[in-house]
Amino acid sequence: MSSPIIKVHWLDQSRAFRLLWLLDHLKLEYEIVPYKRDANFRAPPELKKIHPLGRSPLLEVQDRETGKKKILAESGFIFQYVLQHFDHSHVLMSEDADIADQVNYYLFYAEGSLQPPLMIEFILSKAKNSGMPFPISYLVGKVADKISQAYSSGEMKNQFAFVEGEISKNNGYLVDGKLSGADILMSFPLQMAFERKFAAPEDYPAISKWLKTITSEESYVTSKEKAHALGSKF
Ligand SMILES: N[C@@H](CCC(=O)N[C@@H](CS)C(=O)NCC(=O)O)C(=O)O
C-alpha cells in the first residue's frame, strides 16, 4: 500500500510548528499550505474553508489510490493519529503499552490542562498592554492582576512544578528518558511561557535543560528553517 499524500495547513507563528517538527522527525514527506495571521494576530478566513473552526494546525491526509481525503483537527489528536499510523519504526511512540499510555497522556494534557492558564495569562497581558488611556489602563491593570492572582498564575505554577518534577524523574525527558511525541507537543506551551515571561527559566532548571536538549535535535532545526522560509518570526 502506498503512503498517503500529507498536507499541513500551517498558520505562521503558531503551535502548528510542532506538527512540522513531528513529521520531519519521522522523516515523512509532506506539503505545507501556509496561512498568514492578520493585523489582529488572528487566522485568515480561508482556514475556515478547510475546517469550520478555522484553527491551525490541520492535517490533510489523502489516499493516493482512492483520492479520499481526511481533515484532522486538534494538535493532540493529530499527533496521536500520526504516531499510530506513520511511526512504524517506533521512533516517537513506544511499542511498550505502558510507555505509550504515558506519551498519550501528554497529548491530552498539553492542550487540556497546561494551555488554559497560559492562555488566560496571555489574554490578561494583552488587556494590560492594550494602549488604553489613563486611568482606564490603571483599572484594567488592577483587574487583570486580580484575575491572575486568583487563578491563572497560581495554576500555571502548579502545572510547571508538575512538569519540572516529571522531567527530573524521567532522566531529562517527559517519558522513559528519551524523546517522544510528548516532548514535541509539550514544547510549545513551555517555550512560549518563558518567552512571554510568564515563568522564569531559572525557576525551572529541568524544563530549561529539557528545552535546550530537544531543540538541538536536527529535525527541530530543519522545521524551523521551513517555518522561517515561509516568513514565521518564531
Ligand atoms: N486546541 C487546538 C487549538 C488550535 C488553535 O487555537 N490554534 C491557533 C494557533 S496557535 C489558531 O489557529 N489561532 C487562530 C485564531 O485564533 O484566529 C489545537 O491544539 O490544535
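Contact means heavy atoms within 4.5 Å. Helices (H or I, at least four residues) and strands (E, at least two) are DSSP runs, numbered from the N terminus. The model is predicted: local features need pLDDT of at least 70, side-chain atom pairs count only at pLDDT 80 or more, and totals for chains, interfaces and linings use all residues. Residues are numbered from 1 along each chain as its sequence is written, and side-chain values use heavy atoms, with hydrogens and water left out.

View A. What covers the buried residues of H8 includes strand S1 (5-11), helix H1 (17-25), helix H6 (181-195) and helix H7 (205-214). Buried means under 20% relative accessible area, exposed over 50%, and partly exposed in between (1.4 Å probe, protein chains only). The buried residues of H8 are Ser219, Tyr220, Ser223, Lys224 and Ala227. Seen down the axis of H8, these residues fall within an arc of 135°, so they line one face of the helix; the arc is that of the directions from the helix axis to the C-beta atoms. An α-helix has 3.6 residues a turn, so residues three or four places apart point the same way. Glu218, Glu225 and Ala229 are exposed on the face of H8 turned away from its buried side. Just after H8, Gly231 has a positive phi of about 95°.

**View B. Length of helix H8.** H8 has 12 residues (residues 218-229), which at 1.5 Å a residue should span 16 Å. The expected span of a helix is 1.5 Å times one less than its number of residues. The end C-alpha atoms of H8 are 17 Å apart, which agrees.

**View C. Helix H3 and its packing.** Helix H3 (residues 75-86) also has its end C-alpha atoms 16 Å apart, in agreement with the 16 Å that its 12 residues should span. Ser75, Gly76, Ile78, Phe79, Tyr81, Val82, Leu83 and Phe86 are the buried residues of H3. They pack against S1, H1, strand S3 (58-62), strand S4 (69-73), helix H4 (97-128) and H6.

View D. The domain assignment, automatic or from a database, gives domain 1 (5-91) and domain 2 (97-218). Their C-alpha centres lie 23 Å apart, and the contact takes 12 residues from domain 1 and 15 residues from domain 2. The two domains bury about 1400 Å² between them, 66% of it on carbon and sulfur atoms. Buried area is the accessible area (1.4 Å probe) that two parts lose on being put together, summed over both. In domain 1, Arg15, Arg18 and Trp21 lose the most area to domain 2, together 45% of what that side buries.

**View E. Salt bridge of Arg15 and Glu111.** The side chains of Arg15 and Glu111 form a salt bridge (3.0 Å, N to O). The term stands for a side-chain nitrogen of Lys or Arg within 4 Å of a carboxyl oxygen of Asp or Glu. Between domain 1 and domain 2 the count is 2 salt bridges.

**View F. Two cis peptide bonds.** The bond from Ser56 to Pro57 is cis, with omega near 10°, and Pro57 is in the loop between helix H2 (47-50) and S3. The bond from Phe134 to Pro135 is cis, with omega near 5°; Pro135 is in the loop between H4 and helix H5 (136-169).

View G. Gln13, not a glycine, has a positive phi of about 50°. Gln13 is in the loop between S1 and H1 and is buried, with a relative accessible area of 12%. His90, not a glycine, has a positive phi of about 55°. His90 is in the loop between H3 and H4 and is partly exposed at 32% relative accessibility.
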